[in-house]
Amino acid sequence: MSLKQQIAVEPLRPGHFCSVENPTRLGSLSEYAFGGNTIAVAVNAAYQTVNHTYHLYSLCGHFIRPATTDRKLFCHVESIRDSKSFQTRQIRVSQAADGGSNRLCLVALADFHIEEPYSVVTYSIPPETDSPSSTLREKYSTPPPDASNNCDLYRDIEQFIDMRPILDDGPSAESQKQNTRINSPPPAPSAITKEMFRVPELLDNEAEQISALAFYADKGLAYIPAIHYGYGLRQASACATLEFSLRVFVHGLNLENWHLAEQKSLAAGNARAFSEGRIWNEDGHLVASMTQQTILRPSTGPGARL
């Protein structure tokens, strides 16, 4: 199966869509559908309701409950705003319950913006990893020997995304700075998860490109607060995304080319953690950011509910 099929939607009636395929799992630790698959289907459904001159720049949402992998996703897209510059859509993603009712899984708000003729300022923060130049692309064009040593965390989505972990360098000196104020909290882990990735198939339009971006951007952000702190995921009784914000900064995205991703955890407390993933293209331009707040509860018994 291809990623295009996995994120595709088909119309049912005006404003209502259904996923072409059942959502997939993330990997071995997750018994429910991969959240990125649910987000990607929501993005694709929203794109079917907007004019092609508008481009998604913001998607903010909350997971209400996890989706299952044994049935399709249904999307209800409602028009909130249609102006000369913006089109806004609310997306509600649900699944049919065994009793015949619908189970709401995700609520999100998507904002689309025209391509403005001028910008007052244009800039982009660089990655902490080496710039994703042709040298870096060649270095990670084949998997490193230990690329599969990830406890099968991402086993079920590896068929859709070509991912090459970057395992060579450590955190920068800047990321190791600590807060020296009295009664300050412990510093966040300085670790950064880094990898090159691309979609190994032709994507036909912007809806597929941004849906594929959403699919990938959700990968692993719920896990890194525990992983970067040295906490085993199987020690958690709950580890899942609560809410997210995906922001897209460029038009003309082409995920068939190699991109660089970095992920770090920024804050944690009250059994929640906040993390960010950033994505750069081959020219070193920041193309997207995904922030998430996740639930991370310690285990009180055997087995984790991820």
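Rings of Phe, Tyr and Trp (its six-membered ring) count as a pair if their centres lie within 6.5 Å. In this predicted model, seven aromatic pairs are present. A pair of aromatic rings is described by the distance of the centres and the angle of the planes. Two of the pairs are set out here.

| Pair | Centre to centre | Angle between planes | Arrangement |
|---|---|---|---|
| F34 and F215 | 5.1 Å | 85° | edge-to-face |
| F197 and Y216 | 3.7 Å | 10° | stacked |

The pair of F34 and F215 is edge-to-face, and it links distant parts of the chain. F34 lies in the loop between β2 (16-19) and α2 (35-47), while F215 belongs to helix α4 (residues 206-217). The two residues are 181 residues apart. Both F34 and F215 are buried. F34 and F215 also belong to a cluster with F160, linked by ring pairs.

Why is the pair of F197 and Y216 stacked? Planes under 30 degrees apart count as stacked, and the planes of F197 and Y216 are at 10°, so this pair falls in that class. This pair, too, links distant parts of the chain: F197 is in strand β8 (residues 193-198) and Y216 is in helix α4, 19 residues apart.

Are F197 and Y216 buried or exposed? Buried means under 20% relative accessible area. F197 has a relative accessible area of 0%, so F197 is buried. Y216 has a relative accessible area of 5%, so Y216 is buried as well.

One further contact involves a ring and a charge. The charged end of K219 sits over the ring of Y154, at 4.4 Å from the ring centre.

How values were computed. Residues numbered from 1 in each chain as written. Predicted model: local features only at pLDDT ≥ 70, side-chain atom pairs only at ≥ 80, totals over all residues. Heavy atoms only, no water. Phe/Tyr/Trp six-rings, centres within 6.5 Å; stacked < 30°, edge-to-face > 60°. Helix = DSSP H or I, 4+ residues; strand = E, 2+ residues; numbered from the N terminus. Buried < 20%, exposed > 50% of the residue type's maximum accessible area, 1.4 Å probe, protein only. Lys NZ or Arg CZ within 6 Å of the ring centre and 35° of its normal.
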